[in-house]
Amino acid sequence: MAQGGGIGKGLKRSATRVLLHVSAWLARDPVRRAWSERWSRWLARAAVRRARIGAAADTATLAAAWQRAFLSPRQVPIVRIDGDTAFAEIRTPCPLRGSGDTHACHRMMAFDRHVAAAAGGRFVVLRSQSEPGVQVCEVALQVAAARTQLTAAHERAPGGRA
């Protein structure tokens with residue numbers, strides 16, 4: 001019995017790694033950009049259906065809904081909620097780590113933006129693993145009516161191909 005749980009965890013990890021590598025491959029090349037968006041949207045729709053994500057009433061509910069879209073909530077912890085903004089981390093190692101390609105990161109994170117939108121919110125990457133020296137993505141989620149302005153990593157530290 002105990003081995004079955006380990007196999008499941010290993011399969012989840014492998015599946016996540018494959019999905020991330022495909023997403024990065026699509027996001028990095030200008031010729032494949034349109035496919036990158038379609039791929040992210042398709043993955044997000046599947047995650048929204050699987051996790052039964054619907055409209056969130058508040059910031060905490062939005063953050064929890066986004067977190068449910070992932071196979072391992074421990075890899076995407078909500079670190080704090082401050083008024084109209086929930087702050088979270090993405091700890092899963094990214095294939096773009098250290099590449100400097102924040103624009104490809106932005107394209108890959110279309111998945112997260114679609115999931116947040118399905119819950120009635122918005123998603124912003126504040127610090128990206130694609131930035132040199134960054135090991136964990138720092139992200140924010142806000143309900144649509146939020147007034148706090150956030151600066152996205154690809155705007156603050158633009159790198160790669162826009």
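1. A residue counts as buried under 20% relative accessible area, as exposed over 50%, and as partly exposed in between. Arg156, with a relative accessible area of 41%, is therefore partly exposed. This is a predicted model.

2. **Arg156 and its partner.** Arg156 forms a salt bridge with Glu131. The closest N and O atoms of this pair are 2.8 Å apart. Arg156 lies in helix α6 (residues 153-156), and Glu131 lies in the loop between β3 and β4, so the pair ties together parts that are 25 residues apart in sequence. Arg156, by contrast, is partly exposed.

3. The structure holds six salt bridges. One of them joins the side chains of Arg127 and Glu138, at 3.6 Å from N to O. Arg127 belongs to strand β3 (residues 121-127) and Glu138 to strand β4 (residues 137-143), so this contact ties together parts eleven residues apart in sequence. Is Arg127 buried or partly exposed? Arg127 is partly exposed, with a relative accessible area of 35%. Glu138 also counts as partly exposed, at 32% relative accessibility.

4. **Arg91 and Glu89.** These two residues form a salt bridge as well. Their closest N and O atoms are 2.9 Å apart. Arg91 has 39% relative accessibility, so it counts as partly exposed.

5. **Positive patch.** Which residues gather in a patch of positive charge on the surface? They are Lys9, Lys12, Arg13, Arg17, Arg50 and Arg74. Helix α1 (residues 2-28) supplies the largest share of the patch, four residues. Arg17 sits in helix α1. Its relative accessible area is 44%, so Arg17 is partly exposed. Membership in such a patch requires over 30% relative accessible area and no salt bridge.

6. **Aromatic pairs.** Rings pair if their centres lie within 6.5 Å. By this rule there are four aromatic pairs. In one of them, the rings of Trp39 and Trp42 have centres 5.8 Å apart and planes at 25 degrees, so the pair is stacked. The cut-off for stacking is planes under 30 degrees apart. Both Trp39 and Trp42 lie in helix α2 (residues 33-51). They are three residues apart there, about one turn of the helix. Trp42 counts as partly exposed, with 46% relative accessibility.

7. **Aromatic cluster.** Which residues do ring pairs link into a cluster? The members are Trp66, Phe70, Phe111 and Phe123.

8. **Backbone at Arg52.** Most residues other than glycine have a negative phi. Arg52 is not a glycine, yet its phi is positive, at about 55 degrees. Arg52 lies in the loop between α2 and α3. Is Arg52 buried or exposed? It is exposed, because its relative accessible area is 72%.

9. **Helix α5: Ala116.** Ala116 lies in helix α5 (residues 110-118). It counts as buried, at 0% relative accessibility. The C-alpha atoms of Ala116 and Ile81 are separated by 15 Å. Along the chain, Ala116 and Ile81 are 35 residues apart.

10. **Helix α5: His114.** His114 is also found in helix α5. At 26% relative accessibility, His114 counts as partly exposed, whereas Ala116 is buried. How far apart in space are His114 and Ala51, C-alpha to C-alpha? The distance is 14 Å, for residues 63 apart in sequence.

11. **Ser72.** Ser72 has its place in the loop between α3 (59-68) and β1 (78-82). It counts as partly exposed, at 29% relative accessibility. Ser72 and Thr92 are 20 residues apart in sequence. In space they are 9.4 Å apart, C-alpha to C-alpha.

Terms used
Residues numbered from 1 in each chain as written. Predicted model: local features only at pLDDT ≥ 70, side-chain atom pairs only at ≥ 80, totals over all residues. Heavy atoms only, no water. Patch = residues over 30% accessible without salt bridge, like charges linked within 9 Å, V, L, I, M, F, W, Y side chains within 5 Å. Areas by Shrake-Rupley, 256 points an atom, 1.4 Å probe, with all protein chains shown as cover. Salt bridge = Lys/Arg side-chain N within 4 Å of Asp/Glu carboxyl O. Lys, Arg positive; Asp, Glu negative; His and termini not counted. Charge placed at Lys NZ, Arg CZ, Asp CG, Glu CD. Helix = DSSP H or I, 4+ residues; strand = E, 2+ residues; numbered from the N terminus. Buried < 20%, exposed > 50% of the residue type's maximum accessible area, 1.4 Å probe, protein only. Phe/Tyr/Trp six-rings, centres within 6.5 Å; stacked < 30°, edge-to-face > 60°.
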